[in-house]
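Subject: Handing over a structure

Dear colleague,

I am passing on the structure below, together with some notes on what was found in it. Please look through the sequence and the model first, and then read on.

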Amino acid sequence: MIPNPYQKYMSQVVTTMTPAQLLIALYDKAITELNKAVIFIEDKNIPGAHNSITRVCDIVDSLDASLKEKYEVSDSLAKMYQYFREQLITANIKKDPEILKSLIPFFQELRDAFDEASKKTS
């Protein structure tokens, strides 16, 4: 079977990312999927909205699983990720774009904070 060139490229990109770059990419993808979910809900595309919200849930689970207990900030982030999960589930059940819109600034702020931190440690 011939591998899809795009999939091969993306696999190489991900495997060569630093942990900080991967973290920022996860936040970027979550923000993209939140925006897509809002549009899908507004367009009455329920399956599309569900898929995008589910992707964000998967990203939040990955972010949560990557936390290290030795860092003080991990407990606060774990609580925030739990809040995100609860809001995402509610938004998915109700197909409420306002809940999703309210989460986007949190993801953007965390993304920017990790980006800034990575620049200072590089």
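From the N terminus on, the elements of this protein run α-α-α-α-α, and the secondary structure comes to 5 helices and 0 strands, where helices (H or I, at least four residues) and strands (E, at least two) are DSSP runs numbered from the N terminus. Please keep in mind that this is a predicted model, in which local features need pLDDT of at least 70 and side-chain atom pairs count only at pLDDT 80 or more, while totals for chains, interfaces and linings use all residues. Residues are numbered from 1 along each chain as its sequence is written, and side-chain values use heavy atoms, with hydrogens and water left out. The C-alpha trace spans about 45 × 45 × 20 Å along its principal axes.

Helix packing comes next. H2 and helix H3 (residues 46-65) pack at an angle of about 155°, with their axes 8 Å apart; the axes are lines fitted to C-alpha atoms, for helices over the stretch in contact, and angles run from 0 to 180 degrees between N-to-C directions. That angle makes H2 roughly antiparallel to H3, a term used for angles over 145 degrees. The contact (heavy atoms within 4.5 Å) is made by residues including Leu23, Leu26 and Phe40 of H2 and Ile53, Val56 and Leu63 of H3. By class, this contact of H2 with H3 has 13 nonpolar, 2 polar and 4 charged residues, where Ala, Val, Leu, Ile, Met, Phe, Trp, Tyr, Cys and Pro count as nonpolar, Asp, Glu, Lys and Arg as charged, and the others, Gly among them, as polar.

The axes of H2 and H5 come within 9 Å and cross at roughly 165°, which makes H2 roughly antiparallel to H5 as well. The residues of the contact of H2 with H5 divide into 17 nonpolar, 3 polar and 5 charged.

Finally, the largest pocket has a volume of about 530 Å³. A pocket here is an open set of points on a 1 Å grid over the protein atoms alone, where a 1.4 Å probe fits, with protein on both sides within 12 Å along at least five of seven lines, and lining residues have an atom within 4 Å of a point; the volume is the space filled by probe spheres set on the points, which are joined across faces, edges and corners. Of the 18 residues that line the largest pocket, the closest to its centre are Pro19, Leu23, Ser66, Tyr71 and Phe114. The largest share of the lining, 6 residues, comes from H2.

With best wishes

Key. Parallel < 35°, antiparallel > 145°, perpendicular 65-115°, else oblique.
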